[in-house]
Amino acid sequence: MKEKSLSFRIADVLLLAGFLLPFVFGIMLYILLEPASEGIEIAGAKIYFTLHMPMPMQDLPITESQVNSWLVIVALLFLCLFLTHGLSAKHPTRRQHAAEWIVEKTENLVSGNMGDYFSGFAPFVAAIMGLSAFSSLLTLIGLYPPTSDLNVVAGWAVLVFILITYYKMKCGPVHYLKSFGDPVPFLAPLNIISEFATPVSMAFRHYGNVLSGSVISVLVAVGLQGVTHMILGKLPGFLGQFPFLQIGIPAILSIYFDIFSGCLQAFIFAMLTMLYISTGFPEDDYKEKLRKKKSKQN
Amino acid sequence: MMELAIGIILGCCALGAGMAMIAGIGPGIGEGNAVASACEAIGRQPECKGSVTTTMLMGCAVAETTGLYALVIAILLIFLAPGRLVNILVDTMLSLKQ
């Protein structure tokens, strides 16, 4: 095994720092810009600062969720660079195995669920999954998770909706419009509604799950605070303030709501993206069209 | 009078939120059925545990949607509606006085 050179190690440290520093930066922003609040409260994303745009446009508020999702994007970029730093075919390192495992798993998932035509979708799906999972996991370090803001998730859902419509239109707009009259033309209004319900339900599902987790955690924490106060409140001094029920019990909920539910929702969002895109695509008709085109050219 | 009106608004918002969450029954029953069937399937064929679990989680997520709609409405009723309604009430009262 070849010894690593100094410059390689320095680049390694820099990349790791690039992965970790955004989170530190986020915590610092949170401490600096967030007004200290008394007790526990449930609130939406706070506005960090407002960009004043020239007259015809509206003012642009930069919220906590936007800043946090930028931080996640930067951190993920450096994580990818770190994992792929120093790839070699002869002496694969541990991190290369990890990177290969991730790539292989997503490619298997995409080709298994979407078919071979969509095999180029693996990077997109992996990006959505990683962004969503890391955004939800931000709660672990006390930051506001961008996925519990409807605007963020709705943006992703609109992106997916555009992709779905693009692949449905592959056979031309006439074919696309005809697909609404399926199975009977009489049902067209319902088909149109269900078309628009797709992005709405995707956005609400992800947002609702993450938000409900944090709301329930806060409610349980407040309830435990009340119970502790009831039991120990009469005792004098430090003992009366001791948070003996709040230690440990909310962590059990956090394992489910923050870690399990966050990763599961990321997986489900990516899965639904794949399924909607691949089922909406009229593969047989598209192949037929390609064959006709070829025979015309010949 | 004003206090009574605000009290009615707050109370009705809380009641509405609670009633909206009755919708949680449906997804609960549905997901319970899905998990029961998945357990049966795994018991019958332990070798396809992986794919059965994945499919079950997907189905659970889709079944959950209606419950989450109700949750969104309940959250709106608790956190947004009271403020809006009280503002409207105060505005109308002020305009009536003038």
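## A right-handed crossing in chain A

α5(A) passes α7(A) in a right-handed crossing. This is a predicted model. The helix α7(A) covers residues 188-232. The two axes come within 8 Å and cross at roughly 145°.

Which residues make this contact? From α5(A) come A:Leu150, A:Val153, A:Ala154, A:Ala157, A:Val158, A:Val160, A:Phe161 and A:Ile164. From α7(A) come A:Thr198, A:Pro199, A:Met202, A:Ala203, A:His206 and A:Tyr207. Sorted by class, the residues of this contact are 12 nonpolar, 2 polar and no charged.

Now take α2(A) and α4(A). Helix α2(A) runs over residues 64-83, and helix α4(A) over residues 122-137. Their axes are 10 Å apart. They pack at an angle of about 120°.

On the α2(A) side, the contact is made by A:Ser69, A:Val72, A:Ile73, A:Ala75 and A:Leu76. On the α4(A) side, A:Gly130, A:Leu131, A:Phe134 and A:Ser135 take part. How does this contact divide by class? The contact of α2(A) with α4(A) has 6 nonpolar, 3 polar and no charged residues.

## Chain A as a whole

Chain A has 10 helices and 2 strands. What order do they come in along the sequence? The pattern of chain A is α-β-β-α-α-α-α-α-α-α-α-α.

Chain A has 298 residues, and 23% of them are buried. The radius of gyration of chain A is 25 Å. A compact globule of 298 residues would have one near 19 Å. The C-alpha trace of chain A spans about 90 × 65 × 45 Å along its principal axes.

## Two residues around α6(A)

Start with A:Gly172. Where is A:Gly172 found? A:Gly172 sits in the loop between α5 (150-168) and α6 (173-178) of chain A. Is A:Gly172 buried or exposed? A:Gly172 has 12 C-beta neighbours inside 10 Å. The cut-off for exposed is 12 or fewer, so A:Gly172 counts as exposed. A:Gly172 and A:Ala75 are 97 residues apart in sequence. In space, they are 40 Å apart, C-alpha to C-alpha. A:Ala75 is one of the α2(A) residues in the contact with α4(A).

Next comes A:Tyr176, which lies in helix α6 of chain A. A:Tyr176 has 15 C-beta neighbours inside 10 Å, so this residue counts as partly exposed. Which residues does A:Tyr176 contact, leaving aside its neighbours within four places in sequence? They are A:Lys168 and A:Met169. A:Tyr176 and A:Tyr166 are 10 residues apart in sequence, and their C-alpha atoms are 9.8 Å apart in space.

## Chain B

Chain B has 4 helices and 0 strands. Along the sequence, the pattern is α-α-α-α. Chain B has 98 residues, and 9% of them are buried.

What radius of gyration does chain B have? The value for chain B is 22 Å, but a compact globule of 98 residues would have one near 13 Å. The C-alpha atoms of chain B fill a box of roughly 75 × 15 × 10 Å, taken along the principal axes. Now look at contacts in chain B between residues at least 6 apart in sequence. Among these, 84% join residues at least 24 apart.

## Where the chains meet

How many residues does each chain bring to the contact between them? Chain B gives 9 residues and chain A gives 9 residues. On the chain B side, the elements that give two or more residues are α3 (49-63) and α4 (65-97). α4(B) gives the most, with 5 residues. By class, the chain B side divides into 7 nonpolar, 1 polar and 1 charged.

Definitions and conventions. Residues numbered from 1 in each chain as written. Chains lettered and ligands numbered in written order. Predicted model: local features only at pLDDT ≥ 70, side-chain atom pairs only at ≥ 80, totals over all residues. Rg over C-alpha atoms; globule rule 2.2 N^0.38 Å. Buried ≥ 20, exposed ≤ 12 C-beta atoms within 10 Å, placed from the backbone. Contact = placed C-beta atoms within 7 Å. Nonpolar A, V, L, I, M, F, W, Y, C, P; charged D, E, K, R; others polar. Axes fitted to C-alpha atoms, helices over the stretch in contact; angles between N-to-C directions. Left-handed = near helix turned anticlockwise from the far one by under 90°.
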